[in-house]
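Thanks for coming. I will go through one structure this morning, site by site, and keep it brief.

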Amino acid sequence: MKTQVRKIAIEGNEAAALAFKQVNPDVVAAYPITPSTEVVQKFSEYVANGEVDTEFVPVESEHSAMSACIGASAAGARVMTSTASQGLALMWEMLYIAASLRLPIIMTVANRALSAPINIHGDHSDAMGARDSGWIQIFSENVQEVYDNIFQAVKIAENENVRLPVMVGYDGFITSHSVETIELLDDDVVRNFVGKYRPKYTLLDVDNPISVGPLALTDSYFEFKVAQAYAIENSLPIIKQVGKEYGDLTGRYYDVIEKYKMDGAEYVIVAMSSTVGTAREVVDALREKGLPVGLLKIRVFRPFPTEDIVNALKDVKVVGILDRSMVPGSFGGPLYHEITSAMYHFDKRPIAQAYVYGLGGRDITTNHIEKVFEELMEIGKKGKPNPLTYIGVRE
Amino acid sequence: MAINLRELALKEERLVSGHRLCAGCGASIIVRMVLNAIDEPVVVANATGCLEVATTIFPFTSWNVPWIHSAFENSAATISGVEAAYRALKKKGEINREIRFLSFSGDGGTYDIGLQALSGAIERGHRAVYICYNNEAYMNTGIQRSGATPRGAFTTTSPAGKVIPGKPQKRKNLTEMMVANGAKYVAQASPSHWRDLMEKVKKAVNTDGPAFLNIYSTCPRGWRTPDNSAISISRLAVETGAWFLYEVEDGKYKINYKPAKGFKPIEEYIKAQGRFAHLLKPENAHILEALKKDIEEEWNRLLRLEEVTNR
Ligand SMILES: Cc1ncc(C[n+]2csc(CCOP(=O)(O)OP(=O)(O)O)c2C)c(N)n1
Ligand code: SF4
Ligand SMILES: [Mg+2]
């Protein structure tokens, strides 16, 4: 049942803050950093004006932000925060702990380059540095997705069979500071969707004391980690389920990947976040010309949707994998590594070409993407890929 | 607020035996005293260090109260999150109990790596008691120097070398920093003066705001002292002026131990501990002198502060 939809023109960060407000979490502990600062600022306004019940903890660093989130979450609170870049890097130690303690903390990350040189613009280096931390990682293409992903993140994180923190990424400046018109949900719809957080064990249950975060040595550490690995693996169907429920509610259905014009596609680009929007334009234009091109968007990077990706790519001739972060000293970015590894065991697989683009916010235009498709077609003729290619860089 | 021994003896232990702290370790003595001085339910955050490592070796725990450890430098930030959650859930009517919040960290976790988180938590005003069990070095990693290590002491990163005999610097005055930071109640205590210690704990938990306790904590392993000397060394520390007992309530100083006939010679304290053995060599006499001067200066300063703030 869809009632009258409210629409609003809003920046990415404001949309994130608005989503936080509608969730009305118990605790937000956060620290400002460009390009995600407005989330904290806007949320502080909601707190100061009594529009939320949240206890806002204006910590003195991101390390303490995540530490306070961990304490609050273990105490049984619903907890949210936001950061980017150096802030996420400073949190790194605590990210692993949040995930291993199985705390369903929600964090938005306005993805930004890592220093040095210091640079405030968008790329995915920050999130990729945290890809092994045990967090679920969802990437948003545009402002609507930022807003939608936050609600879904709460529901995924708190699912009894998941109980893991979720990071919702979106491109710094490109999405964090762009005004888009998005569809809003009513507060009561949001609250119904996310439900109440009722953890089984909490620190504040003083009659049933628990010890959180003990020392686990050679006889038990490994089992903890494997249990955690199973939890994130098992979250994949739950993420899909939540995406479907959200679609039933709003008409906007979400899956872990999105196939765009993949029917009969022989030359395909794989990308994440805002670049997907740019690539859609190019795919549309080239399809108009009758070229068999397509686009695969990776929405969920952790857990890595191996099967979905392999199935989507198995009949493709050449795939160009676009990474907005680099792995110095290696032969491609993280997306390239994971996708090519995933396809290794399958006889039917495309030739894969590695691209790194957009570091430090360097523009990626429709022209660049057209050139990528041209190159993929040449590679198709040649039968083998080129070395790792940097897009739009002066060499 | 008086402490009644008879009642104390009947209280249920909140940190139970079976943990693996060394025999004669001050940490467990202190924690038991602290927890038993509090009547309300408590939640404890614990920084990485000897206390944490030795009391919760999975699948065992010595803690009879809710307890969380997340990392080394952040127990103050962690407890501030717990306390924020408590306020949020209380406001929503989901909790109606009075609960007290404690953070235990070693001197490394407070003086050094945890100072920023501690300072932030106190500035934000979270109602919690931040306790440093102070054994004057990083014991868990094998006796390395910290900002709390006294001048001249041997540690494995301030060894008693031929050229540099022990730690060259005097210790940081963290207690004073906490006063300046705005903690509403600040005190130094020692387990040898247990009644004083427990009364301070009571004051701290009843303070409507952040409180900081710096508690002297013996380490036979790191100090090269006998296992059975925890309390006697603690007493010597107080009686020789190596550790002052005082408290600061809303900025007002009160010295809790003022020997009528002056402090005992620091040499008594030095001689009792292997970590200072090299200071007794004639060529290191100047270091001992410097240590004495540190103590004297600090004592005079305290006396003046007491006088000024009680005028
Ligand atoms: C970020 C980080 N750095 C270093 C360590 C290693 N480490 C663990 S405990 C510790 C020293 C603890 O010293 P202190 O806080 O004085 O407690 P104690 O063990 O003496 O009781 C160190 C250096 C760590 N766990 N985390
Ligand atoms: S090394 Fe020292 S502080 Fe650590 S448990 Fe042993 S006595 Fe206690
Ligand atoms: Mg120590």
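A polar contact, as I use the term, is a pair of N or O atoms within 3.5 Å; within protein, one must be able to donate a hydrogen and the other to accept it, and residues adjacent in sequence count only if both atoms are side-chain atoms. What you see is a predicted model, in which local features need pLDDT of at least 70 and side-chain atom pairs count only at pLDDT 80 or more, while totals for chains, interfaces and linings use all residues; side-chain values use heavy atoms, with hydrogens and water left out. Residues are numbered from 1 along each chain as its sequence is written, and chains are lettered from A and ligands numbered from 1 in the order in which they are written.

Ligand 1 comes up now. It lies between chains A and B. It is surrounded by 18 residues, the closest being B:Gly108, B:Gly109, B:Tyr133, B:Met139 and B:Asn140; a residue counts as near if one of its heavy atoms lies within 4 Å. Oxygen atoms of ligand 1 make several polar contacts, among them one at 2.9 Å to a polar backbone atom of B:Asn140. A backbone N or O atom of B:Gly108 is 2.8 Å from a ligand 1 oxygen, and a polar side-chain atom of B:Asn135 is 3.0 Å from one.

B:Asn135 turns up again at the magnesium ion, ligand 3. Which protein atoms are its donors? They are B:Asp107 (OD), B:Asn135 (OD1) and B:Ala137 (O), at 1.9 to 2.1 Å. Donors here are N, O and S atoms within 2.8 Å of the metal (3.2 Å for Na, K and Ca), and water is not among the atoms, so sites may look incomplete. Along the chain the donor spacing reads D-x27-N-x1-A. B:Asp107 sits in helix α5 (residues 107-112) of chain B and B:Ala137 in the loop between β4 (129-134) and α7 (174-181), so the pair ties together parts 30 residues apart in sequence. Helices (H or I, at least four residues) and strands (E, at least two) are DSSP runs, numbered from the N terminus. B:Asp107 is buried at 1% relative accessible area, and B:Ala137 is buried at 4%. Buried means under 20%, exposed over 50%, and partly exposed in between (1.4 Å probe, protein chains only).

B:Asn135 is also one of the residues around ligand 2, along with others including B:Cys22, B:Cys25, B:Cys50 and B:Cys219.

Next, the chain contact. It takes 46 residues from chain A and 43 from chain B, contact meaning heavy atoms within 4.5 Å. The area buried between the two chains is about 3,200 Å², with carbon and sulfur atoms giving 62%. A:Glu55, A:Leu204 and A:Leu215 supply 19% of what chain A buries against chain B, more than any other three residues. Buried area is the accessible area (1.4 Å probe) that two parts lose on being put together, summed over both.

Two last items. B:Gln273 lies in the loop between α11 (266-271) and α12 (285-309) of chain B. Is B:Gln273 buried or exposed? Buried, with a relative accessible area of 1%. The side chain of B:Gln273 reaches the backbone oxygen of B:Tyr269 at 3.2 Å.

In chain A, eight of the 10 residues of helix α11 (residues 334-343) are buried, so this helix is largely enclosed by the rest of the structure. Among those buried are A:Tyr336, A:His337 and A:Glu338.
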